[in-house]
Amino acid sequence: MKWHLLSAFLLISILSVNAQEITENTFGKGLVNVVAKDSSYSLNFAARFQSLFTSNWDSPDNSALENGTSNFLVRRARLKFKGFAYSPKLRYKMELGLSNRDISGASEYTHDAPRYILDAVIKWNFYENFDLWVGQTKLPGNRERIISSGNMQTVDRSLVNSVFNVDREMGVQLHHYFDLGNNVILKEAVALSQGEGRNVTRGNKGGYHFTGRAELFPFGDFDAYSGADFAREETPKLAIGAAYSHNGNAVRTESVDGDYMETETGFYETDIKTFFLDAMMKYRGVTLMAEYADRSADNPIAVDENGLPTGDVVQVGDGFNAQAAYLFKNNFEVVGRYTTIKLDEDITGVGVENQYTLGLSKYLVKHKLKVQTDLSLNDYADNLDNEVMYRLQVDIHF
């Protein structure tokens, strides 16, 4: 841990060298913004963190709340670097996570090292509307996952994202867009990645992971990857997206996440497919968003070399999430969300889960400084112990 402390000390020292100088930077635009005199590179450095309070109660008979628990948590704490190198056509992004939740997941597959690196990617605009991405970053999967955790309308993402998303991986991506005329835009992206999640350093245990996404903007481009209609769009704006993930010979129960399906002689492998369909609409302070996800596997029940079940199963099934929000002119926003998860109970042993959420946000400097709170009811179809959850979070992004 010594080098981590040394790195932190050096970073603080660098930022403190000219602490008394007046900067032209403004809040939310980054702590450091520099461009080389010869325009050979640029750097934007920013920091953000979220402080979260959570309280949960069980309601055994749906008539009384009891067995409450609560805790405080630094949900996310991150350092972000971006800019261009050599040419504005060659951009980069690096994001490091420092909170316990950010770095959790150390295992023999990460050389027992914490997973500090979230993003480390180079983006090369090599020809007209084509961008080639190389490195580790988010895959072109579901909309809710692609939206930054700092730009959400709710305290956190939905259960659909938690169960089905394909997250970040190391690999290559190709991004492109068409201007079809009459304000209609089509964006596409494809990715080839390792297939086992981020920061895996001990080789490829299964096959490779293909991901593709297409998105149509029928009424013109807009900010479809950020919650809240701060622009208060004067005409309706709509984005409709579909994504497909094929993880060949996958060895984890949730495609790129979950438990490794190990056997005494190696790993159980099966092809896992995930399909996403999503949409976002913004108009005069109203934001609507919906997502559907479906995961299937060729052989979802893991077996050993003798054909006997190992106890691991792929989390197959589907889920749906819908939310609606309105941003008042005083920058308070109310949001309602409904989520349902329907895993295949015959395979997973897990029944239907429904979640109902009502949230409230106060944006002081849009998403850069905000206070968010929500109240959720988790309704488990096969369990009388339903749960009520309350959350309060402060998010600051320099």
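Predicted model: local features only at pLDDT ≥ 70, side-chain atom pairs only at ≥ 80, totals over all residues.
The aromatic rings come first. A search of the whole structure turns up 13 aromatic pairs. In one of them, F45 and F81 form a tilted pair, with 4.9 Å from centre to centre and 35° between the planes. F45 belongs to strand β2 (residues 42-59) and F81 to strand β3 (residues 66-85), so this pair ties together parts that are 36 residues apart in sequence. F45 is buried, with a relative accessible area of 5%. F81 has a relative accessible area of 19%, and it counts as buried because the cut-off for that word is under 20%.

A second pair is made by Y109 and Y260. Their ring centres are 3.9 Å apart and their planes meet at 25°, so the pair is stacked. Y109 sits in the loop between α2 (100-103) and β5 (117-127), while Y260 sits in strand β12 (residues 257-260); the pair therefore links distant parts of the chain, 151 residues apart. Y109 is buried at 6% relative accessibility, and Y260 is buried at 13%. Elsewhere, ring pairs join W124, F126, Y127 and F130 into a cluster.

Rings also take part in arrangements with charged side chains. The charged end of K123 is placed over the ring of W133, at 4.1 Å from the ring centre. In another case, the charged end of R143 sits over the ring of Y225, 5.2 Å from its centre.

A polar atom of the R143 side chain lies 3.1 Å from the backbone oxygen of A224. Leaving aside residues up to four places away in sequence, R143 touches a set of residues including R213, E215, A224, Y225, D278 and E291.

The remaining topic is pairing between charges. Side chains of opposite charge can pair when their charged atoms come close. The structure holds 18 salt bridges. One of these joins R78 and E95, whose closest N and O atoms are 3.5 Å apart. R78 lies in strand β3 and E95 in strand β4 (residues 87-97), so the bridge ties together parts that are 17 residues apart in sequence. R78 is buried, with a relative accessible area of 10%, and E95 is buried at 4%.

R78 also meets D102 in a salt bridge, at 2.8 Å from N to O. Here strand β3, which holds R78, is linked with helix α2, which holds D102, across 24 residues of sequence. Both R78 and D102 are buried.

A further salt bridge connects D119 and K93, with 3.4 Å between the closest N and O atoms. D119 is in strand β5 and K93 in strand β4, and the two are 26 residues apart. Through shared partners, salt bridges join R78, K93, E95, D102, D119 and R168 into one network.

Notes
Residues numbered from 1 in each chain as written. Heavy atoms only, no water. Phe/Tyr/Trp six-rings, centres within 6.5 Å; stacked < 30°, edge-to-face > 60°. Helix = DSSP H or I, 4+ residues; strand = E, 2+ residues; numbered from the N terminus. Buried < 20%, exposed > 50% of the residue type's maximum accessible area, 1.4 Å probe, protein only. Lys NZ or Arg CZ within 6 Å of the ring centre and 35° of its normal. Polar contact = N/O pair within 3.5 Å; in protein donor to acceptor, adjacent residues only side chain to side chain. Contact = heavy atoms within 4.5 Å. Salt bridge = Lys/Arg side-chain N within 4 Å of Asp/Glu carboxyl O.
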